[in-house]
Amino acid sequence: MLEDVPIHGSRSDIKSKPPTHQRNLSLDFRHVTNQASGPPPGCGHQRNRSLDSVLQRIPEDMTPTSPEGAPLRLCNEAPAPRLALPPEVPTGSDDSGIHTPPDGNDEDRPQPSAAARSRESLDSGNPEESEKPPDPPDTADEPEVKTICVSDASKKKDFLLRLFESKLFDMSMAISYLFNSKEPGVQTYLANKLFSFPHEDVDFYLPQLSTMYIEMGDVADVLRPYLVYRCKQSAEFSLRLAWLLTAFCGDAKRSRATKLRDSILAEEIRPAARRGHHRSQSDASALRLAAPTGRHLGDLASGRAFDNGCLCGEQCSCGAPRLAPQLQFLTALTNIGRRLAGVADKERRNGRLRAELATLDLNLPARVWLPLHQKPHHVLRIPPHAAAVLNSKDKAPYIMYVEVLETEGHEPLPPRLLPPAPPAPHSPPIRHTKSEENLVPEWPALSLYSALDDADAGDCWSHEDEELSTQYPAKLPAPDSLSQVSALSVLSAASALSGASTSSCGSRESVAVGAGEVRRRLADATAAPPPNAFRRDPQDPSALALKESWESKLSRMRSASPYGGLAGWRLLGCIVKVGDDLRQEMLAAQLLRRLQAVWELERVPLRLRPYEILCLDRECGLIQPVLNSVSLHQIKKQSGASLRAWLELEHGPPTSEGFLRAQNNFVESAAAYALTSYLLQLKDRHNGNILLDSAGHIIHIDFGFIFSISPKNLGFESSPFKLTSEFVDVMDGESSDMFAYFKILILRGLLAARKHCDQIIHLVDVMRMGGQLPCLRSSSAVSAFRARFHLGRTEPQLRALVDRLVRDALHSLSTRLYDNYQYYTNGIL
């Protein structure tokens with residue numbers, strides 16, 4: 001053991017004047033060479049390096065000294081005369097004269113202050129104390145010599161710190177350590193580390209962060225600063241977090257999550273108001289902006305249901321509600337789905353849907369957005385004629401298409417294209433002018449059933465064209481002259497004339513239709529349908545709407561939109577689903593995106609089509625539609641042909657380049673979803689939940705039954721995945737090269753997935769807390785999920801496993817039984 005050597009003086013000096021502000025380790029290491037005074041030969045007292053950096057480079061077997069100068073005894077060790085460095089590490093010295101092993105990573109070492117704070121944050125769970133070094137012990141009260149036992153804890157902290165500061169450390173590892181670690185210092189460090197990750201990486205794990213905030217009190221305390229910081233930065237993040245807390249809060253006793261959600265929705269967490277001088281506005285623009293107020297929020301008949309009355313534009317300092325317009329917009333969309341569920345007839349559901357959307361469209365444009373899409377945008381218009389109710393027996397999910405204006409926050413919204421207000425009785429109509437005298441403080445009340453017969457038809461487009469031409473110089477296309485206000489009374493005639501092609505009732509459009517416009521509409525209505533178009537089916541009204549290609553839909557709707565000439569005009573799709581729990585589908589979508597990222601990283605040509613799912617609460621949400629795709633049920637019902645015959649009809653004969661490309665896409669996507677179905681144990685795999693897109697890719701949707709649950713707990717589907725003879729026929733049979741390629745892709749995908757299985761499994765492990773998801777209530781759900789990666793098998797054993805899985809799936813009796821069950825109960829082919 002090291003000799004008893006004083007610190008910077010004799011022992012008598014220490015007794016007369018106790019030292020202050022000393023670290024646990026001695027700052028003077030002259031005793032390591034058994035010299036009472038002076039440094040080792042050849043060393044000086046230059047201390048240009050940070051003391052924290054020096055401390056990190058001290059070998060593990062060096063014995064520290066106490067503040068009194070006495071050596072700290074190691075348990076169960078014999079004294080040693082001097083420090084012995086490890087034989088495999090050559091000795092060296094730094095600028096301070098302290099013998100330390102050389103470190104070749106000096107350039108990668110963090111800055112001294114950052115390293116000190118990081119190390120201290122791992123030792124203490126209090127983030128406020130991480131900015132200062134720990135206070136020295138009170139040596140006056142405790143003069144006795146202390147004895148410590150050096151364990152592996154300090155070594156673990158050193159390893160963790162190096163891992164956390166390395167370039168390999170990502171958000172996936174942060175979530176895993178945050179979930180598994182019980183040390184307050186580590187949790188605090190990881191919560192602070194979230195600030196350094198890109199927002200999109202953190203947002204991917206927002207369901208896991210929300211679950212940990214609800215279920216883990218110690219983690220919630222360290223996560224709150226980051227969550228509050230992001231809520232102040234982004235209104236969209238605030239709403240996403242509030243919706244997830246609403247969806248996963250189990251009971252009222254979890255008050256921490258409930259209070260945070262209530263604070264967000266009450267807009268108590270918002271950016272601080274900016275103080276200073278604001279640019280003054282003209283009297284005319286001030287009058288126009290002062291007209292709308294927040295008191296009409298949620299009133300669809302007012303025309304300002306989504307207007308919060310903010311006068312500030314991009315940077316709000318007036319205290320107007322920033323979340324209420326978006327909440328009212330999504331509430332209006334979900335209420336439409338609830339009302340549609342009470343309509344029994346599918347044909348009448350579509351008429352009711354278009355009438356409801358026409359009422360909602362009176363309040364657009366507005367500063368609201370579709371949360372499924374990441375780019376900043378504002379909703380301009382919802383064309384009701386493009387919406388359709390999807391095929392469902394009990395619920396009434398519907399798909400709609402929304403015209404938006406992509407913006408970076410600086411572009412103003414275009415003026416609302418409204419029909420002019422009817423004139424007062426016994427007074428001539430007043431034309432729109434740009435003078436301040438004609439600006440009124442209140443907008444006219446709008447109603448879907450208000451008549452426009454008294455309006456001056458000559459003024460319908462003059463005001464709109466003037467304002468739009470000044471703000472947006474792009475040339476506007478010819479407007480669709482059939483107003484949605486008259487769509488309720490002439491819905492049947494409009495359907496016969498132009499295939500229910502109406503435009504927004506929020507548009508200022510003329511009721512009078514010119515002769516040229518009539519001829520154009522008649523020509524469009526009588527034109528030959530595109531090849532392979534679906535016919536109108538009253539039992540499945542969405543088939544005709546979904547079969548149209550996205551490119552033709554985009555071109556047609558842009559030419560008919562009064563906003564189509566704007567440079568930032570975009571068309572987005574959205575499925576509104578009410579009455580179903582989408583939390584399991586959200587977890588499945590996360591797993592699909594992670595699997596797709598793994599296969600892209602490992603260069604495995606497997607193709608999944610993950611799509612966004614947003615849970616608004618436990619029974620409703622929004623789903624991103626899969627474009628240019630139709631279900632296998634619709635293909636078989638509309639064409640009456642097999643799957644291979646349909647591909648030949650769409651892409652050409654079997655030897656053509658188009659068919660071979662579609663066949664390759666089919667095999668790669670079928671293998672991807674076969675492996676995904678096996679890993680996640682997907683159930684309810686009937687032909688209504690399997691899509692085929694225009695390029696030949698197979699796409700699975702509706703992941704409501706995964707892991708340990710099945711529809712009505714019948715357990716019909718016992719096969720590893722769905723593989724029918726029609727699928728094999730598209731691959732040219734069981735003895736073909738494409739079928740062998742199909743099995744090779746499954747094997748390569750399984751090898752790549754188990755290489756990164758920890759990133760996939762911990763997504764499920766975190767969501768298992770609280771028992772909120774029915775699919776994870778089984779105690780063996782996570783362990784069985786891990787077992788399906790077969791971590792202990794060799795590659796030949798995995799090849800034999802894949803052959804057996806494919807053989808069992810192809811000859812599975814349960815697949816045929818479940819398809820027959822769906823046909824006789826729901827009419828799904």
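**Reading features in a predicted model**

Modeller: Just after helix α11, E267 takes a positive phi of about 60 degrees. The model is a predicted one.

Colleague: Which residues of helix α11 are buried?

Modeller: Helix α11 spans residues 255–265, and its buried residues are A257, L260, R261, S263 and I264. Their directions cover an arc of only 160 degrees around the axis, so they lie on the same side of α11.

Colleague: What covers the buried residues of α11?

Modeller: The cover includes α8 (206–215), α9 (217–233) and α10 (235–248).

Colleague: Now a single residue. Where does S719 lie, and is S719 buried or exposed?

Modeller: S719 is in the loop between β13 (698–700) and α24 (725–730). Residues under 20% relative accessible area count as buried. S719 is buried because its relative accessible area is 16%.

Colleague: With which side chain does the side chain of S719 make a polar contact?

Modeller: The partner is the side chain of T815, at 3.3 Å. A polar atom of the S719 side chain also lies 3.2 Å from the backbone oxygen of F721. Setting aside neighbours within four places in sequence, S719 is in contact with A809, S812, S814 and T815.

Colleague: Where is M731 placed, and why does M731 count as buried?

Modeller: M731 is in the loop between α24 and α25 (737–755). M731 counts as buried because its relative accessibility is 0%.

Colleague: How far apart are M731 and N664 in sequence and in space?

Modeller: In sequence they are 67 residues apart, and in space 8.6 Å, C-alpha to C-alpha. Not counting residues up to four places away, M731 touches Q663, F666, V667, A670, L723, S736, M738, F739 and F742.

Colleague: Which residues in the largest nonpolar core touch the most other members?

Modeller: That core has 178 residues, and the ones touching the most other members are M212, F329, M400, W599, L723 and F742. Helix α23 (residues 657–680) gives the largest share of this core, 12 residues.

Colleague: Take W599. What is W599 in contact with, leaving aside neighbours within four places in sequence?

Modeller: The contacts of W599 are V604, L606, L608, A672, L675, T676, G749, A752 and A753.

Colleague: How many aromatic pairs are there?

Modeller: The count comes to 16 aromatic pairs. To read one, take the angle between the ring planes: over 60 degrees counts as edge-to-face. The planes of F204 and Y205 stand at 85 degrees, with ring centres 4.9 Å apart, so this pair is edge-to-face. Both F204 and Y205 are buried. F707 and F785 also form an edge-to-face pair, 5.2 Å centre to centre with 70 degrees between the planes.

Colleague: Where in the chain are F707 and F785?

Modeller: F707 is in the loop between β13 and α24, and F785 is in helix α27 (residues 781–787). They are 78 residues apart, and the pair links distant parts of the chain. Both F707 and F785 are buried.

Colleague: Which residues form one aromatic cluster with F164?

Modeller: F169, Y177, Y189 and F197 form one cluster with F164.

Methods:
Residues numbered from 1 in each chain as written. Predicted model: local features only at pLDDT ≥ 70, side-chain atom pairs only at ≥ 80, totals over all residues. Heavy atoms only, no water. Helix = DSSP H or I, 4+ residues; strand = E, 2+ residues; numbered from the N terminus. Buried < 20%, exposed > 50% of the residue type's maximum accessible area, 1.4 Å probe, protein only. Polar contact = N/O pair within 3.5 Å; in protein donor to acceptor, adjacent residues only side chain to side chain. Contact = heavy atoms within 4.5 Å. Core = buried A, V, L, I, M, F, W, Y, C linked by side-chain atoms within 4.5 Å. Arc of directions from axis to C-beta. Phe/Tyr/Trp six-rings, centres within 6.5 Å; stacked < 30°, edge-to-face > 60°.
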